Amino acid sequence: MTRIAVLNGWCRNGWAGLLAVALLIAGGCAGSGPKVEGRIGVLDPARILSDTNAGKKAKDNLAAFSKNRQTLIELDEKELRRMEEDFVKQATVLSPTAKREREEVFRRRMQEYQQKVAELNREVQDKQKDVMDGFRDKLEAVVGKVAKRLGLQIVVDSSKGGATLYREDTLDISNQVIEEFNRDYP
């Protein structure tokens, strides 16, 4: 047998063998092994935050906390403006030493103000994290309850800008979660 004849024989048998293996694999994949089926639900956590009693309370709590901190900042700002205006008015009659002292006092007060602003911003961020973590814990419990009742195996966040690019409206369980949430956390 020549090399060409051997090669032709292998090609005919080789392709036939490859085709047979491919059919076996495809048939085996389609017919054997557990078929994965599942029920999926989607929800919008931002909507649940804004449409539930507990979510509204959490948002109001955060708003009040932030407003309180903002008021403290505004009081300090007014005091700094007053100090600056007084300095400008009196600058012409103050001695060079008195000017330097006032400038130093103002500079120190400005640094204290900036530190206070940073501290109050951290407090607001920490409060926001605590409130949102607490809300998220409640949300997860309620979603789990609703999902089990509906026979869902997974619930996906469908917020705008999230990982869910497409969903059918029939998969949205937000209304059921809002109703359950309001029952559990009036």
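**View 1. Asp 133 is partly exposed in this predicted model, with a relative accessible area of 34%.** Partly exposed lies between buried (under 20% relative accessible area) and exposed (over 50%), with a 1.4 Å probe and protein chains only. The side chain of Asp 133 meets that of Lys 129 in a salt bridge, 2.7 Å from N to O. A salt bridge is a side-chain nitrogen of Lys or Arg within 4 Å of a carboxyl oxygen of Asp or Glu. Both residues belong to helix H4, 4 residues apart, about one turn of the helix. Helices (H or I, at least four residues) and strands (E, at least two) are DSSP runs, numbered from the N terminus.

**View 2. Glu 180 and Arg 149 form a salt bridge, with their closest N and O atoms 3.0 Å apart.** The pair links distant parts of the chain, since Glu 180 is in helix H5 (residues 174-184) and Arg 149 is in helix H4, 31 residues apart. Glu 180 is buried at 6% relative accessible area, whereas Arg 149 is partly exposed at 48%.

**View 3. Arg 69 forms a salt bridge with Glu 123, the closest N and O atoms being 2.7 Å apart.** Arg 69 lies in helix H3 (residues 53-90) and Glu 123 in helix H4, so the pair ties together parts 54 residues apart in sequence. Arg 69 is buried, with a relative accessible area of 17%.

**Notes.** Residues are numbered from 1 along each chain as its sequence is written, and side-chain values use heavy atoms, without hydrogens and water. In this predicted model, local features need pLDDT of at least 70 and side-chain atom pairs count only at pLDDT 80 or more, while totals for chains, interfaces and linings use all residues.
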